[in-house]
Amino acid sequence: MSGQRRRRIFQPRFFLFLAATLLLIAGIIILAVVIANKVKSCKDEESLDLILPSTADPLSTNDPLATSESVSSTPPPLSGSATYTVSAVTEASASAYGFSYQIRRNNESNELSSNPNESSISFGSYDEYTDVAGIITFGSNHYRNSFSYGYVTATMQEVSQQWQKTVGGLNEFYGVSGSALIVQWSDEVKQTLGISETYKAMEGFTEVIYASSDGNIYFCELESGAQTRNPINLGVPLRGTPTLDPNGYPMLYVGQGMPTLNERGNYAAYVYAIDLIQNMNVKEFIGKDYFTYRSDWTAFTSSPLISDDTLILPGEAGVIYFIKLNTVFDAAAGTITINPGDRIKYRYTGSGYSASDAANARWYGFQGSAAAFRNYLYIADNGGRLQCIDVNTLRLQFVVDLESDTDATVIIEEDGNDNTIYLYTVNQTQTQAASLPDGWGYSTVRKINGLTGKVVWMQQIPCLISIGETNVKSGAKGTPHIGQGEIANLLICSFYRSGIPVYDEAGNLNYEIGGTILALDCDDGSIVWKLEQSDGAGYYSSPLVLYNSDGNAYLIACDRMGLVKLYDINNRTGGVALGKTVDLGAEIEATPVAFGNYIVVGTTGRQPDGQIGPSAFYGLKLG
């Protein structure tokens with residue numbers, strides 16, 4: 001009809017075009033927002049050189065969910081075939097701390113510029129250290145990142161004692177302070193062992209090996225606690241964690257925990273090679289070494305590493321030994337031999353160190369164990385310094401100042417996102433902190449880039465300086481644990497004589513002596529949750545974290561009152577106590593280890609009132 005506005009009819013393709021246009025516009029807007037946020041994030045990251053703790057109460061958690069509603073996933077692994085090279089940042093240069101090092105071969109007097117027997121050692125990822133089922137060195141491998149083997153299948157409602165083995169003491173040391181080894185021997189090796197035919201015929205035979213301060217190495221079957229062979233008596237205190245050959249060969253290496261008089265009338269300490277076919281000591285290493293700067297003390301509590309048939313052995317006198325073992329194992333003949341080569345020795349010195357343990361001086365020596373990545377060795381010392389050493393050339397790569405005595409072992413985390421590794425360290429408490437009440441200082445947790453020595457973040461925890469036992473420092477003595485599964489990206493740390501905050505009527509902050517287990521966020525070091533004991537017990541032990549096949553995490557906490565507690569830690573709000581507490585009746589210094597549903601841990605024999613009572617190690621079962 002003329003004169004009337006005609007109704008426009010839109011074709012279907014018009015609506016398709018309109019929808020596509022709107023989607024394109026929305027996509028452009030979203031992309032712009034993402035880019036803007038990414039730029040802001042990058043700027044924030046560039047300014048985040050070092051994250052320091054708040055000046056408020058360092059143990060306050062505030063709201064752990066305020067910055068993150070869920071735990072981020074474990075970083076992806078590094079490329080197995082890639083080459084990684086250390087390049088130290090300025091603040092981690094050895095010269096910044098007056099560091100120098102010397103290398104010698106055997107007892108030769110001339111110093112060498114590098115390893116005369118330069119090797120080609122290259123540690124793979126942590127799961128490539130051994131194919132042996134079990135715990136065969138402190139922390140299981142060269143990353144030192146686990147004290148358990150296999151998943152737990154129990155309902156995790158309780159932990160109970162299954163068996164007990166009483167041990168004695170020597171030279172005022174009692175019980176056990178190192179971890180047990182648990183090994184499920186292969187069928188081939190099992191037939192060569194110095195055990196009864198009953199155990200040779202047992203399917204899945206799993207043996208517990210425990211070194212004791214009474215000079216004996218004990219052996220028992222995991223589930224029953226039955227003795228599998230006679231104890232091997234070395235006659236000297238054994239204080240650390242032994243090491244088995246990672247090839248699964250029946251050869252055990254264990255260090256002497258304190259010096260004793262040798263045949264020459266010198267105070268000396270040895271490392272012993274134990275043939276587990278003949279059940280006897282077949283070789284003694286080291287003894288009295290005049291190469292050390294610390295001539296008044298020698299001992300071996302570090303758990304050795306073995307790679308490329310080379311024994312890597314740090315000592316409390318401040319010397320690291322590298323010894324080619326030349327191991328020959330003949331399963332058919334039922335024999336094993338070693339023919340050790342040269343002792344290549346590395347020592348160091350730096351600003352503030354003293355050969356005579358002068359007051360306020362830094363001490364030489366390694367009580368913690370060494371960790372390793374590719375051809376680099378990482379170890380912290382009693383002087384509070386972390387060293388990175390090339391194991392092939394023995395050249396020092398960098399030094400990080402940890403500020404105070406560090407007994408805890410360094411642990412390693414791969415991060416494929418950043419194409420690097422990270423080290424986590426915790427130290428003890430030695431000096432008064434100006435910001436804390438009298439008698440209190442800090443124990444510090446650090447995350448460090450393992451290829452540069454740069455400190456990523458640090459978190460300080462108030463701990464008592466000393467009380468009564470002047471030679472016993474407070475702070476972190478146990479090795480931390482990097483979480484997996486449901487607790488991925490959390491670092492679990494334990495502390496001895498830590499400060500539990502209390503306030504007086506005027507609102508002034510002070511601290512009670514206690515024990516603390518913390519979960520820190522691996523990204524920024526913030527405190528996510530904490531478990532506290534206000535009775536002064538505290539923790540020497542490293543936290544033992546267990547997982548089931550679903551990734552659920554459970555904590556075994558062993559304290560100096562002798563209590564073993566089980567916690568569910570599957571969230572970011574803290575641990576929930578499960579089941580009953582097991583009381584072992586004497587202080588626990590040792591780190592517990594687990595194989596499936598079974599746990600093994602020992603006591604020192606010292607009672608809560610300071611008296612010495614029965615010492616033992618125990619088999620516990622999860623239910």
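Reader: Is Glu587 buried or exposed?
Author: In this predicted model, Glu587 is buried, with a relative accessible area of 4%.

Reader: Which side chain does Glu587 meet in a salt bridge?
Author: The partner of Glu587 is Arg560, at 2.6 Å from N to O. Arg560 is buried as well, its relative accessible area being 8%.

Reader: Which residues join them in a network?
Author: Salt bridges with shared partners link Arg239, Arg560, Glu587 and Glu589 into one network.

Reader: How many salt bridges are there?
Author: The count is 19 salt bridges. One of them pairs Glu197 with Lys200, whose closest N and O atoms are 3.8 Å apart. Both residues lie in helix H3 (residues 197-200), three residues apart, about one turn of the helix.

Reader: And Glu197, is that one buried or exposed?
Author: Glu197 is exposed, with a relative accessible area of 57%, while Lys200 is buried at 15%.

Reader: Changing topic, how much space lies in the largest pocket?
Author: The largest pocket holds about 1400 Å³ of space. It is lined by 47 residues, and the closest to its centre are Arg239, Gln367, Asp407, Tyr540 and Glu589.

Reader: What does the lining divide into?
Author: The lining of the largest pocket comprises eleven nonpolar, 23 polar and 13 charged residues.

Definitions and conventions. Residues are numbered from 1 along each chain as its sequence is written. This is a predicted model: local features need pLDDT of at least 70, side-chain atom pairs count only at pLDDT 80 or more; totals for chains, interfaces and linings use all residues. Side-chain values use heavy atoms; hydrogens and water are left out. On a 1 Å grid over the protein atoms alone, a cavity is a set of points where a 1.4 Å probe fits but cannot get out, and a pocket is an open set with protein on both sides within 12 Å along at least five of seven lines; lining residues have an atom within 4 Å of a point. Grid points are joined across faces, edges and corners, and a volume is the space filled by probe spheres set on the points. Ala, Val, Leu, Ile, Met, Phe, Trp, Tyr, Cys and Pro count as nonpolar, Asp, Glu, Lys and Arg as charged, and the others, Gly among them, as polar. A salt bridge is a side-chain nitrogen of Lys or Arg within 4 Å of a carboxyl oxygen of Asp or Glu. Helices (H or I, at least four residues) and strands (E, at least two) are DSSP runs, numbered from the N terminus. Buried means under 20% relative accessible area, exposed over 50%, partly exposed in between (1.4 Å probe, protein chains only).
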